[in-house]
Structures are given as structure tokens and as C-alpha cells.
Amino acid sequence: MTSTKPLLEVDGLTLRVGASGRTVVNNVSFCVSPGEIVGIVGESGSGKTLAARAVMGFIPPAVRLISGSIRFDGEEVTTMAPKRLRAIRGARVGMVFQEPMTSLNPSMLIGRQLEEGLALHRKLDAAGRRELILDMLRRVGIRDPEGAFNAYPHQYSGGMRQRIMLASVMLLKPALLLADEPTTALDAVVQRDVMELMVDLTKENGTAVLLISHDLGMVARYCSRIVVMCQGDVVEHGNSEDILARPQHPYTRKLLAAMPHREPAREVPEAGTPLVAVKDLVVDYGGRQGFFRKEQPKRALHGISLSVKPGEVVSVVGGSGSGKTTLGHAIAGLIKPSEGAILFNGKPIDKSETAYWDYRLNCQMVFQDPYSSLDPRMTIGELVGEPLRLVKGMGAAEKKARLAEVLGEVGLGDGFAERYPHELSGGQRQRVAIARAIIRRPSFVIADEPVSALDVTVRAQVLELFAELQKKHGFSCLFISHDLGVVEQVSDRVIVMQDGRIVEEGTRDQIFDAPQHDYTRKLLSAVPGLESMADGGVRLFWRLGEPA
Amino acid sequence: MKYLFAPAAALIATAAFAAPAMAQSITVAVAADIRSNNPGVNRDDNTDDFALQLVEGLVGYNEGGVATPLLAEKVDLSADGKTYTFTLRQGVKFHNGADLSSADVLWNWTRYMDAKTDWRCTSEFDGRSGLKVESVTAPDARTVVMQIEKPNALFLDTLARTDCAMTAILHKDSVKADGSWDKPIGTGPYKFGEWKRGEYFTMTAFDGYKSPKEGGKADGYVGSKRPLLKDVKFLIVKDPATVKAGLVSGALDMSEILPSDAVELRKNPKLAVAVEPNAVRHVFLIQVKDAVMGNQKLRQAIAAALDMDEIVAAFYNDLGKPNTSPIYSGSSYFGEVEKKGHVYDAARAKKLLQEAGYKGEKIVILANKRPVVPSFPAAVVAQQMLQAVGVNAEIEVLDWATQLDRFNKGNYQMQSFSFSARFDPAIAFEQFSGPKDKQPRKTWDNPEAQKQIDKLYVTSDRAERQKLVDELHKRVIDEVPMIFAFNGLDIIAHAKRVQGFKPWQSKLRMWEVTLAN
Amino acid sequence: MRLPAPNALVGGTLIGFLAIVASVSALWTPYDPLRLSFRAKLAAPSAMHWLGTDEFGRDVLSRLMAGAATSVWISLLTVALAVSLGTVIGLFSGYVRGWVDRTIMAFNDALLAFPGILLALGLLAVVGANKYGIILALGIAYAPSVARIVRGTVLSLREREFISASRVMGNSEAFTMLRHILPNCIAPLTVLATSMFGWVLLAESSLSFLGLGVPPPAPTWGNMLAGSRPYIGQAVWLGIFPGLCISLTLLGINLLGDALRDKLDPRMRGAR
Amino acid sequence: MLRFALTRILMSVPTLLIVSVAVFGLIRLIPGDPASLMLGDLATPASIADLQARLGLDQSVPVQFGIWFGNLLKGDLGQSINSQQAVLPLILQRFWISAQIVLVAVALASLVAVPAGVLAAWKQDTSLDLSLVAVATLLLSIPTFWLGLLLLLFFGLKLEWLPVVGYVSIAENPLAGILYLVMPIMTLFLHEIGVILRMARASTLEVLRLDYITHARAKGLTESAVLWNHAFKNAFGPTWTLIGLVLGNLLGGIAVVETVFTIPGLGRLLVDSIFARDYPVIQGCMLFVAFTYVLVNLVIDLCYPIFDPRVTAQ
């Protein structure tokens with residue numbers, strides 16, 4: 001704790017939704033000292049974003065300030081005149097958003113967007129502004145700042161845009177930076193780079209940071225103090241180490257417990273033939289003929305070979321564009337491969353109708369987005385029961401019993417069968433998706449990022465359920481994920497993919513403890529690892545040593 | 001406030017119609033542009049009207065619809081009825097100053113008989129329609145002799161037909177050296193002025209005009225025909241409401257108006273409304289080949305069910321009168337017999353329906369909604385009256401082209417229809433009678449009646465003809481192959497300062513019309 | 001129990017009233033809407049004829065009531081035809097894809113390149129201007145926009161994971177189409193159908209105005225309005241009341257459509 | 001850009017071809033033909049046959065189409081059966097009349113409705129928003145022909161401020177020409193305000209939720225700067241497309257308004273030609289309308305990158 005006068009003091013802040021009267025932020029207090037990095041951690045609905053945005057006076061029209069005060073640099077923000085508020089915005093308080101795709105104006109040149117704030121808050125001529133901007137763009141790692149100045153945001157990748165966003169905010173050297181999940185939408189490898197850049201930049205300028213995130217690990221890594229929020233309340237507040245090592249509130253413990261952790265490696269019985277084998281799989285996209293030109297097909301997979309043994313969980317990891325999702329879809333039969341073969345129990349599935357159907361009935365898939373993977377117009381019962389339609393020789397009563405059994409297995413017992421997906425939470429929906437995948441008792445399940453859309457605690461529950469079911473029914477699983485923590489927790493074996501090729505393959509422990517390929521090392525170095533401690537706390541560590 | 005913009009409105013009114021300010025000029029609104037200025041070639045009624053102010057033929061209709069010498073002084077018929085000798089009037093000049101001679105007639109006849117000319121009436125004289133001109137000769141400069149194949153009472157009538165543009169005698173300079181059409185150089189009271197497609201066409205008085213008769217009494221296309229106006233501009237105004245506004249503002253001097261506007265415009269102190277019946281006959285066509293309509297008793301019942309007074313009033317208000325005869329009321333053949341036609345008698349209609357064994361079969365009346373014909377309002381009123389006596393009548397509204405198509409194919413039960421003007425009774429009957437299997441458009445297919453009509457064609461004796469007409473009229477009333485309802489009305493509103501104007505057979509004759517100031 | 005949104009309330013009231021009037025007119029109208037009265041031509045609104053009489057002396061109120069039924073019926077049938085036709089084409093096109101899809105869509109685009117009313121005008125001239133001709137012509141004229149939307153929905157649904165899920169299950173393409181894709185087209189179709197009801201009502205009136213609508217004497221609001229034009233100077237009520245009816249109905253439809261879209265597509269409401 | 005435009009025009013060729021064939025076939029399915037219509041009740045089978053031969057209608061439909069299409073490729077749309085005028089100049093003359101009404105009305109409506117829509121979105125759920133939306137919905141719900149009649153009654157007959165019906169070419173008499181166009185333009189203008197306002201509001205609402213708006217505010221920009229520099233330009237894309245659709249539709253179809261105000265525009269020409277079975281004019285008009293539609297859409301698409309640089313004209 002620093003003893004200087006706090007830069008930001010939030011005291012007893014209470015926000016309520018106008019119409020329904022629901023309290024979304026309840027008596028929240030915290031403070032940020034100059035140059036300090038403070039994290040607010042919470043799951044969706046915790047009110048963390050609202051509380052942070054209130055600091056800049058951004059309260060949505062539907063939400064009302066009931067009580068409390070926000071003092072920035074000793075000035076009360078809640079009652080501030082709009083003009084004064086605008087003078088603070090940008091100049092003294094900056095803000096970085098989660099979604100790099102929508103946080104920059106798509107129709108305005110990057111240079112102009114960066115210039116706007118400068119023109120407003122600094123007395124500089126155009127040339128001076130330009131120089132400052134080019135310097136800053138260079139600083140955030142844009143290779144061609146001149147080009148970027150006259151480019152539109154859509155010409156840059158997400159990571160680059162987030163750097164530009166940082167540049168835009170840091171140009172004015174604000175005293176406080178509000179960072180709302182600044183890296184959540186980015187690839188793991190990029191995440192760390194951007195975070196490091198943000199920390200460095202703020203340190204250089206003496207800017208304090210209020211970092212809002214659902215990721216306790218990341219927050220703990222960079223913040224000196226942490227505020228834990230749940231359902232609008234601050235449940236715990238303290239030093240990062242203290243909170244990690246000695247969590248006081250049950251919710252904090254729950255959050256910590258939900259963080260992925262490694263369990264001892266399982267024995268996977270050696271079997272003669274792999275359950276599923278993929279040989280030299282090639283997938284090409286596109287190649288449509290235009291009027292004047294012919295598009296070259298884009299190769300998404302360059303001859304992938306892999307095998308999954310009975311009862312084994314094999315993970316495929318990689319950044320976006322690595323081809324892992326394409327691989328999953330190709331194996332599930334959703335995409336027709338251009339070359340290569342898929343063998344099920346040693347038989348190529350495209351050679352005979354029986355082999356195909358055998359595979360079709362035994363291979364199921366759990367999708368990433370529980371909001372899009374369930375037909376919104378069907379009840380849970382219909383959704384889960386649908387795969388049974390194609391099972392031959394199963395009576396109606398039997399089907400009904402199976403449905404009830406499976407729904408029970410995934411913890412969606414009484415009454416859920418009659419409900420519709422939109423009445424369910426994300427975690428419940430993913431349970432439905434899992435139930436649908438296993439109702440035919442398949443021998444092979446492809447799980448494509450099954451938990452990446454879920455909140456931390458829900459994610460843990462779903463993973464646990466999945467592991468339990470896998471153990472109980474013994475199905476093999478191809479688990480596709482970008483989240484190394486999750487992969488570490490669930491896999492027997494790990495396949496690392498980059499640019500449509502497998503770069504490394506090995507048992508979980510081999511990959512995580514002794515990675516060989518550069519890309520694997522880069523991936524691993526990007527996310528902090530966790531080690532459980534005896535008293536419910538955790539210890540945080542970087543896998544391949546502290547970054548330089 | 002109302003007057004704030006009044007000057008602007010007046011300005012617009014004058015600007016819109018751009019009326020020539022000269023005292024002896026008038027502006028007449030017409031609903032449609034002329035199709036061409038080539039008489040009798042590319043034409044419609046409106047085009048004929050304009051053409052016949054500019055050109056004349058050897059014979060023309062008089063007020064009663066009888067073909068009478070016009071460019072000819074007299075016409076002599078040989079005893080065998082096959083040789084017509086026309087003696088030309090003296091002193092007749094073309095618009096370009098040239099004198100009219102029999103050579104001009106020969107030149108025109110050759111031109112008309114040439115298929116390339118596309119004259120509307122070539123087929124009327126080359127034998128295709130039963131009348132064949134075998135030779136045309138000019139023994140001297142004032143005499144033209146026409147020889148026809150067999151006697152025909154309607155030869156002169158056909159020559160005078162307005163849709164043939166009166167078989168106009170044009171100066172040969174009307175045609176360019178390469179044989180293509182240039183502009184009409186005729187002998188009519190007015191000369192062709194200018195024509196701006198889609199906007200207006202004009203004509204100016206022909207100073208060298210020699211009127212067939214003196215005395216100022218107009219008589220159809222003959223009689224006194226002095227061009228007393230200096231210029232006449234025909235302005236194309238399609239919308240009746242615009243016409244009305246133009247008449248009221250004074251920007252227009254004359255126009256045909258809708259019957260519904262007559263009452264209102266009559267009240268205007270500056271305007272007069274002239275109403276004259278014409279030879280157009282509004283009828284309810286009946287397809288007797290139809291299973292239901294084949295029943296004569298049913299047809300008689302329908303005729304008895306119609307209160308013609310109300311039907312006329314539906315379109316013409318109090319301006320018109322019923323006429324259930326095929327002969328138009330202004331015809332010289334319209335006598336006491338023709339006055340007796342269908343009589344409205346609902347009780348009799350009901351009784352006839354019973355006798356006919358009518359069991360509520362649906363009867364569809366086709367109608368169209370062109371504003372200038374009473375097709376639709378007549379059908380609405382008739383439907384109401386038919387329903388009142390228990391006939392299950394329905395109206396089907398079609399666009400005019402479709403209705404006409406159904407007419408030509410004979411594909412209908414009833415139609416509310418209008419027959420265009422026919423002056424001679426023979427043609428008037430021929431218009432709707434004939435063999436249905438050869439010409440499905442024919443309404444009346446009665447071999448006995450056909451014989452009488454054929455006889456009407458060759459009989460020249462006036463009394464004989466009247467007798468035939470009377471008999472045919474009675475047959476139509478009894479057989480009810482269709483129901484004649486009433487004659488058309490020309491309703492022309494004009495400024496009161498325009499004097500001496502009388503509408504005649506939908507033609508706006510501009511001769512003997514003067515302008516008082 | 002929450003109060004419905006104001007637009008739903010007003011729209012629902014207007015359309016409900018229309019439905020009631022249309023139903024009542026089948027049983028009772030103040031006068032026979034077709035009965036002529038030669039003594040009461042173009043009578044101004046009075047105690048006897050609340051909304052006056054027309055050029056044939058027919059009671060305007062009665063004709064408006066009867067016209068409501070005709071207009072509603074025509075609009076409903078037309079929408080049903082357009083939606084079913086368009087859905088079949090759109091589903092098929094989105095289902096087969098490839099060159100068949102491109103060909104169908106080229107045709108579809110060709111039809112869309114015409115203002116609906118012109119297309120209907122041409123078709124109407126072919127099939128004949130009567131009640132069923134209008135339904136057919138307008139149905140065909142509006143089907144392309146339905147087909148386009150259905151095809152778009154199908155193509156976007158195909159990207160959704162539940163469609164992939166159905167295929168992974170082993171369901172045939174046709175089954176997936178009918179079981180999963182078609183039901184999910186219903187929401188956008190409902191919104192479309194609602195606004196289309198308004199378009200059809202408008203188009204039917206416009207056609208009457210151009211001289212090819214539902215043939216009189218059977219009253220529709222459109223042909224009443226169209227028929228009033230010659231009398232605009234002398235009998236204002238002839239044009240005012242049918243126009244008012246059409247406008248209020250369209251207003252009801254638009255409001256109801258907005259409410260429906262808010263409900264089915266909350267995205268359109270924008271920021272919370 | 002140029003290649004894109006050319007490609008798009010080439011791609012519209014099949015569409016236009018389909019239009020030509022369909023229209024050609026369709027109008028010949030319509031009962032009634034120009035020859036019998038010209039002859040009316042005077043027609044004898046012989047005279048109809050004569051006239052049909054003269055009009056070239058005695059040939060089989062495919063042959064007729066071949067002739068017509070051949071001439072079309074030479075840029076000749078034929079001659080009106082009714083007025084004997086060449087079709088293309090006739091269409092262009094009438095189109096110009098319609099176009100000046102439509103263009104002025106839509107331009108004015110956009111100028112009023114787009115800012116109003118943005119304003120309504122900005123003040124979402126306030127009484128200003130509600131009343132703007134209510135007015136827009138009301139305007140949208142009034143059929144143009146009735147609106148036209150009302151204007152006619154009020155300004156033409158009651159106040160006598162404006163000429164009731166008719167048309168004078170602006171070239172001939174500018175003042176009168178403009179006065180004649182006031183009411184038709186006003187009719188379309190009022191109607192399109194409703195359409196455009198609602199679209200502008202909806203698309204602005206979409207944009208106002210996005211982070212870059214908050215970002216712009218977080219920079220300390222004033223509300224008006226946020227609204228116009230950031231929200232408006234991005235929100236205008238869909239509205240622009242809608243304006244294009246509206247234009248494309250109206251340029252071919254203000255027959256109703258033209259009928260109300262008796263303006264000799266393209267829509268009226270087409271309707272009249274259908275009634276008169278003037279085949280060459282119908283064919284020409286339909287093709288022209290379709291071509292205009294394609295062209296307007298092309299222009300709209302070419303302009304789109306101005307509002308959304310993500311969409312490049314390729």
C-alpha cells in the first residue's frame with residue numbers, strides 16, 4: 001500500500017437499473033493511487049464494467065446513480081458539469097476496450113482518430129501532433145507509422161488495433177487508464193505482448209491503471225491490488241499476493257479453485273488399432289471463379305495425420321488461424337477434405353456406407369458457442385433426444401428413459417426437458433450440448449472450444465462434468481482449445497498446431513514441461529501457470545521463466 | 001391568404017396553356033394527340049376530326065348522315081347501278097393555290113389503291129369487302145367516272161366515311177418526291193399549321209376556300225363551310241380536371257367534358273355547354289351462343305328488367321335519353337317504329353324469367369372503366385336492376401383492350417359496350433350481324449335478317465329501305481341478340497364568346513364558328 | 001404482468017378494430033353496400049348516411065365496412081401466397097446452392113429490379129383484374145423479396161453451430177432443412193409478413209388507382225379511393241374516409257410490425 | 001474501381017436479359033393486341049391481319065423477339081405503335097420528368113430525415129425521439145396517392161395556392177414549371193421522410209452502442225462531435241443503401257403520384273402503354289426501369305466505401 005493521496009476514490013457507489021430496480025453495483029468502494037495498477041475481478045454480471053465506466057461518467061441512460069461518490073484527483077465526478085467532465089476525459093483519464101474490432105471508428109483514418117484527442121486537449125500545431133502520433137505509433141510497435149497514420153483500422157489485426165488503441169489513449173499521458181478486458185479478445189500469444197506493452201507504457205508515463213478482467217491469473221500477475229466483485233458487491237479487496245495465497249471470501253476461493261490445474265497423468269491403455277486415425281488430411285477453402293479472375297484456393301490444412309486411442313483425450317492447441325477448428329470440422333465430417341483419409345476402427349469411413357454410418361453414429365461433437373449450437377425453437381428434451389431418431393431398434397419408452405438418464409447425468413433433471421434454450425444460462429446450455437453429444441453413447445467426441453465462452457466458475461463445473469462423463473462412458477475425445485490451462489487440465493496427449501500444420505505432438509507432461517518447438521514455447525510463455533497451495537490459495541508462475 | 005397567390009395561379013394558368021393572344025384565334029383542348037397528319041392512313045377518330053378540317057372528298061355526309069356531293073357538284077348513277085359519274089365543282093383550289101381537276105382524283109385513287117400507302121379503306125374498294133371499283137377514268141378535267149363490279153347502295157356512303165378520311169382528294173405535293181408522306185395539302189377550309197407531338201397541333205384559315213354552299217348554315221361535312229377563325233390551336237390535355245380548370249380560367253376556349261362536369265360548368269357565366277346526341281350506340285351485348293344466354297325468354301326478361309332512364313342518368317344525368325333501337329335517334333331512318341323498343345316492366349321480367357326456366361345461373365357482364373364511355377356505370381346500374389328481378393348478375397371489370405379482345409373472340413355472356421358511329425342503317429346493322437362462326441365478334445347471326453340487311457345494301461329506294469329498317473328493328477327488339485340502351489352525347493363546353501358552334505357526330509367542326517369580343 | 005409496449009398497444013388496437021369491423025361487416029352493415037339509390041347521389045354525411053353516399057347513392061360507411069373485409073382478405077391471402085412461394089424458392093435455393101442457386105437468384109433479382117407495383121401491374125393484365133388475379137399477381141410480385149430474405153436466413157443459419165450439430169448427428173440435409181432451418185426462418189418471416197400486409201394493402205389500392213385493382217362494384221378501400229377522384233371537388237368525403245381507413249390500418253400494421261421486431265429481434269432496440 | 005463498375009454492369013446483363021425475355025413474353029400473354037385496339041369495333045379479321053402484318057406482329061413471338069433484340073443491340077428500341085415516336089427519346093423525355101420529381105423529393109427528404117433520425121437515436125426513448133418516430137411512422141402510413149389528394153384538396157382547391165393538376169416543362173416556363181412540381185415533390189418528400197428517418201434512427205442506434213463511440217466520448221469530445229464525426233458517418237451506410245433502393249424503386253414507379261397530379265412521367269407512360277398494348281414502349285420502359293435500378297444500385301455501391309472503408313469496391 002502506498003501512502004500517497006489516492007488518485008481515484010470510489011466510495012459507496014450504488015447503481016440501479018431504472019425500470020426493474022435491480023441493483024447492479026452495490027455500495028462499492030475502492031481507490032487507486034497514482035501510478036498504481038489495480039485490478040477488478042469478477043464474472044459476467046458482477047458489475048465490474050459498470051463501476052469502472054462510472055468513473056468517466058459513462059452511466060447508461062437506463063441506469064441510475066443511487067448513492068456514493070467518485071472522486072478523481074479530489075474532484076467529485078458524479079456531480080461534475082459536462083464541460084469539466086469532457087476536459088478530464090481523454091486528458092486525465094483514458095480508456096481501453098475489450099473488442100479491438102469495434103473500439104476504433106472504422107470510417108476514420110487512424111491518424112485522424114489519434115489526432116482528435118490531441119487537438120482537443122493539447123495546444124499543438126498539426127505538425128507537432130503528427131510527430132507525437134508517429135512517435136507513439138512507433139512506440140507501440142507499429143512497423144510503418146507513416147502508413148498507419150493514413151490507414152483505416154480494418155487494415156490491421158486485432159492485436160495491432162489494440163496497440164493503436166493504447167497509442168491513442170496514452171498519447172495524452174493520462175493519470176488514469178481504465179482497461180476493460182483489454183486482451184480477452186486476443187490470441188494467447190498476443191495477449192501477453194499487449195499486456196506487457198500496456199504495463200510498460202503506463203509505467204513510463206506514471207499512469208495508474210484500473211484493470212478490469214475475469215481472469216484472476218492475469219490480474220494477479222500485473223496488479224498490486226485486487227478488488228473481487230460478485231453480483232454488484234465487492235467481496236474481497238486487498239494485495240494481490242494476499243488474495244492469491246490467503247483468500248478470505250468463499251467466492252474468491254471458488255474463483256481460485258475454478259482456475260485450471262494439472263492432475264496426475266492418467267494411464268491410457270495401449271490398444272492395437274487407434275479408434276480414430278487421420279491420414280494426410282488436406283483441406284482447401286475457396287477457389288470460386290470470379291468474372292475476371294480465378295481465386296486461388298486457400299489451403300487450411302497441409303496434410304495432417306493424427307490418431308486417437310480408445311478412451312484417450314487428445315487436445316489440439318493453437319492460435320487463431322492455426323487450422324485447429326478446420327481440423328475438428330473435417331474429422332466430424334462437416335467439411336469435405338480435399339485429400340487424405342479418416343479411419344474409424346481401422347476402416348476408411350468414405351469407402352463404404354456401413355463404415356460411414358458406424359462412424360457417423362459414434363462420432364459426436366460439442367461446439368464452442370452454447371448460444372448458437374442449440375436450435376432456439378426446440379425444447380431441451382427435443383434437442384437432447386434428437387440424435388436418438390437415427391438409432392435403429394430403440395423403442396419410444398427406451399428413448400424416453402435414455403433421455404431422462406442423460407439429462408440426469410449432466411445435472412439437468414426435473415423440468416428442464418420442457419424448457420427452451422433461451423431460458424437457460426450459458427453453462428446449462430453447454431450441459432445440454434454435452435448431453436446431446438453423448439446420448440447415443442458415442443465412442444468418439446470432438447469438443448471444439450467447449451468452455452471458452454463460459455465464465456470462470458461455470459467453466460470449471462463444465463470441465464469437471466465432462467471429465468466425469470468421459471471417465472464413466474470411456475469415450476475418446478478430441479479436445480480443441482486455445483486455452484492452455486484447460487488443455488493442461490483435461491488432456492492425455494497434446495497436439496500443437498500452427499498455420500495448418502502440426503508442429504509438436506506429445507503427452508501432456510512432455511509438452512507442458514519440456515516443449516521442443518519454438519511456437520509451443522511461445523504459447524506456453526504467454527500464460528501464467530498456477531500451482532495450488534495447501535490452504536486453498538494458489539501460486540502463480542511463468543512457465544518458461546519471467547519475461548525479460 | 002387566398003389571394004396572396006392568386007396572381008401566381010393566373011400566371012400559371014396562362015403559361016400552362018400558352019394561348020395565343022390574337023383575337024381571332026381559339027384554343028381547343030383535345031384528350032389525345034393525332035396519330036398522324038396523313039388522312040385516312042394512320043388514324044383514329046381524333047385524327048379524322050383534324051384531317052377533315054383540312055381535306056375534303058368527292059362526297060361527304062350531311063347532317064342526317066347521307067353522302068352528299070362535296071367536291072363534286074353532282075353525282076350521276078347509271079341505270080344498271082354500276083357507273084358513277086362525278087362532276088367536279090368549279091373554282092375549287094388546293095391550299096397551295098393549285099386548281100382541282102379530275103387528274104388529281106385519278107392520282108389520289110391510284111395512291112389509295114397502292115398497298116404501300118396503307119390507306120385504311122383500300123380493302124373496302126378492292127373487292128375484299130364485297131365492293132370492287134373496277135375502273136376510274138377521267139373523260140375530261142371536270143369529270144370522273146367510277147365503275148363498280150356490281151350495284152351497291154353504299155358506294156357513295158363508303159367514299160364519304162370519316163374513317164376513310166372522306167377519300168380525301170389531296171394535292172400531289174402532299175407527298176415528297178421519293179413517295180414518302182410530307183403534309184396534307186387539301187381543299188378544306190383550314191390549312192395545316194404545325195404539329196408538336198404530344199403537345200399541340202394547329203391549323204389556319206384557308207383564304208382561298210370555296211364553300212360548297214353559302215348562307216352560313218353548316219350541314220354535316222357539306223353545307224356552308226367558311227373558315228371564320230384565323231387560327232385554331234388544338235392543345236393536348238389528357239386530364240379532365242385540367243380541362244375543367246382551363247375552361248374556367250379562360251385559358252381554354254373549348255373542349256369535350258365529362259358528363260359529370262356538365263352541371264357545374266353550365267353554371268359558369270362565361271361558359272356554354274352544348275349537348276348533341278351522336279350516332280354512337282351504347283349497348284349491352286349478349287352472346288346468344290352461351291348456354292344460359294341462348295334462351296330468348298331470358299334475354300327478353302333482361303331487356304324488360306332494365307329501366308333505361310336510370311341507366312342513362314347514371315352516366316349522362318339529365319342530359320340524355322334512352323334509345324333502344326339500332327338506329328341512332330338523329331338518323332333520318334329513326335321513325336315511329338324505331339321509337340318503340342324495350343319497355344321497363346319488372347313484373348313482366350319476373351314472369352319471363354319463370355317462363356325461361358331460369359334457375360339463378362350466374363350472368364357476368366363485362367365492363368371497362370374508361371371515363372369517356374358509360375360502360376361501367378351502365379353495368380353497375382344494370383346489375384342492380386337485374387338483381388332486383390332475381391337475375392344473378394355479376395360485373396367483371398376489364399381493361400378496354402381485354403374487353404375488346406373478348407368481344408372480337410365472342411367470349412362473353414354480356415358486355416356493356418359501345419358501337420362507334422354508323423350513319424347508314426345498312427352499315428349500322430352490318431356492324432353487329434353476320435355469321436358468328438366466321439366472325440366471332442358478330443352478335444346477331446340470323447340468316448333471315450341477314451338477307452334483309454343484304455337487301456338494304458343494294459336497295460336505293462328510300463321507302464323500301466325504311467320498311468326493311470323497321471322490320472329489322474322489330475326483329476332485334478323481339479330476338480334480343482343485344483340490348484340497345486342509349487345514344488352517345490357530345491358534351492362540349494366552350495367560352496360563350498365562341499359562337500356558331502354546334503357539335504356534330506363527335507366532330508369539332510371549326511367552320512362557320514366565330515369569335516365575339 | 002407487464003404492460004405491452006405503446007406501439008404494440010396502439011397498433012394492436014387499430015388492427016383489432018379493423019378485424020372486428022371486417023367480421024361485423026359480414027353479418028351487418030348499416031345499408032347494403034351495393035344498393036344503389038338514385039335519389040341520394042353524392043349526399044354529404046348526415047344522420048342518415050354518417051359518411052355520406054357515393055356517385056351511385058351507395059352508403060359510404062357500409063362500403064367502407066364491406067371494403068375492410070375484402071381488403072383484409074386479399075391482403076392475408078396475398079401475404080400467405082407470397083410467403084409460401086418465396087419460402088419454397090428461398091429454401092430450395094439456399095439448400096441446393098451452386099449454379100442452381102445462382103440461376104434462381106438471377107431470376108429473383110430480375111424480378112426485384114422492378115418496383116413491385118409495376119410487376120403486379122403487368123401480371124395483373126395477364127391474369128385479369130379480379131380478386132384472385134390480384135392475389136396471384138401481388139403474391140408473385142412480392143415473393144422474390146421473401147425468397148431473398150429466406151435464402152439469406154438459410155445461408156446465415158447454415159453457419160450456425162446447431163446446423164452443424166444436426167449434420168454431425170447424421171441428419172440428412174433435407175431433414176436439417178425442415179426441422180432446423182425452416183422453423184428458424186419463421187421469426188424474420190413474421191416480421192416481413194407483417195409489413196408485407198401493409199404493402200399489399202397499399203399496392204391493392206395503388207392498382208385500383210391505376211385502373212387495375214379489385215373491380216368494382218365490390219368495394220375495397222382502394223377502389224373507393226380511386227373512384228372518388230373525379231368527385232374530389234364536389235364530394236370530399238368520398239376520398240377522405242377510405243384514405244383515412246387505409247392510413248390508420250397501415251399505421252396499425254407499422255406499429256405492430258415495430259413491436260414485433262423489437263420482440264423478435266431485440267438488437268434493433270439498440271443500446272440498453 | 002472502374003473494373004468493378006464494369007464487372008457489375010456485365011453481371012447485370014443476365015438480369016436484363018431475363019427481364020427482356022420475360023417482359024416480351026409476358027406482354028404477349030396479355031389478352032388484346034395493339035392492332036385490334038387501334039381498329040376498335042371496326043375491326044374485321046382481314047383488317048386486323050393487315051394491321052398486324054404492318055406492325056410486324058404477324059410473325060412468331062421468337063422471331064419478333066429476335067428482331068427486337070437485334071435492334072436493341074444496335075441501340076434502337078423501336079417505335080411506339082401509338083404515337084409513332086422513337087421509344088428511347090420518348091422514354092428519356094418522360095424519365096427526365098419523373099426523375100426531377102424523385103431526385104428532388106428524395107434529396108430533400110434525406111436532408112431532413114437523416115439528421116432527424118440521428119437526433120432521435122441520440123435522444124433515444126425521450127419524448128423527442130418518440131414524437132419523431134411517431135411522425136415518421138404516421139407519414140409512412142399515409143399512402144402517397146391519398147397524401148397527394150389531400151395536398152391537392154388543401155393547397156390546390158381550398159387555398160388555391162398551387163396549380164391543381166398538369167405539367168409545364170421547366171425549360172419552357174421555369175416559374176410555372178416549378179410550381180407544378182411542388183405538390184408531387186411534397187407528396188413524395190413527406191412519404192420518404194418517414195422511411196428514411198426510421199432507417200437512419202435504427203442504424204444510428206446500432207452504431208451508438210459500439211465501443212468506438214464510447215472511445216470518442218472518452219477522449220473528451222463534445223456530444224455533437226461524437227454524433228457527427230463518429231456516429232453519423234458510420235451509421236449512414238445502411239441509410240445510404242436504403243436511399244438507393246428508394247431511388248431505384250421510385251425512378252421506375254411513381255405512376256401513382258403521376259396519376260394524381262397528371263404528370264406525363266415514365267410511370268404513367270408505362271401504365272398507359274400497358275393499357276394501349278403499345279408493345280415497343282412497354283418493352284423499352286421495363287428494360288429501362290430495370291437498367292436504372294441496376295445502375296442506381298451500382299452507384300450506391302460505388303459510393304459505399306466513402307461511408308465504410310471496410311467495404312472496398314472490388
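Domain bounds here come from an automatic or database domain assignment. On that basis, chain A is divided into domain 1 (8-257) and domain 2 (312-322 + 361-514). The whole structure is a predicted model.

Start with how these two domains of chain A meet. Their centres, taken over C-alpha atoms, are separated by 35 Å. Domain 1 of chain A gives 7 residues to the contact, and domain 2 of chain A gives 8 residues. The size of an interface is often given as the accessible area lost when the parts come together. For domain 1 and domain 2 of chain A, the buried area is about 700 Å². Carbon and sulfur atoms account for 48% of it.

Which residues of domain 1 of chain A lose the most area to domain 2 of chain A? They are A:Glu43, A:Asp187 and A:His214. Together these residues make up 57% of what the domain 1 side buries. How many salt bridges does the rule find across this interface? The count is 0. A salt bridge here needs a side-chain nitrogen of Lys or Arg within 4 Å of a carboxyl oxygen of Asp or Glu.

Stay in chain A for a backbone detail. A:Asn345 has a phi near 55°. That is a positive value in a residue other than glycine. A:Asn345 sits in the loop between strand E14 (339-344) and strand E15 (347-348) of chain A.

B:Asp118 belongs to the loop between helix H3 (102-113) and helix H4 (122-125) of chain B. Its relative accessible area is 26%, so B:Asp118 is partly exposed.

Now step back to the chains. There are 5 pairs of chains in contact. Among these pairs, chains C and D share the most contacts. Chain A and chain B are joined by no contact. Their closest C-alpha atoms lie 44 Å apart.

Finish on the surface of chain C. C:Ile20, C:Val24, C:Leu27 and C:Trp28 make a nonpolar surface patch of about 470 Å². One of these residues, C:Trp28, lies in the loop between helix H1 (6-27) and helix H2 (60-96) of chain C. C:Trp28 counts as exposed because its relative accessibility is 53%, and exposed means over 50%.

Terms used: Residues numbered from 1 in each chain as written. Chains lettered and ligands numbered in written order. Predicted model: local features only at pLDDT ≥ 70, side-chain atom pairs only at ≥ 80, totals over all residues. Heavy atoms only, no water. Helix = DSSP H or I, 4+ residues; strand = E, 2+ residues; numbered from the N terminus. Buried < 20%, exposed > 50% of the residue type's maximum accessible area, 1.4 Å probe, protein only. Patch = residues over 30% accessible without salt bridge, like charges linked within 9 Å, V, L, I, M, F, W, Y side chains within 5 Å. Areas by Shrake-Rupley, 256 points an atom, 1.4 Å probe, with all protein chains shown as cover. Contact = heavy atoms within 4.5 Å. Buried area = accessible area lost by both parts, 1.4 Å probe.
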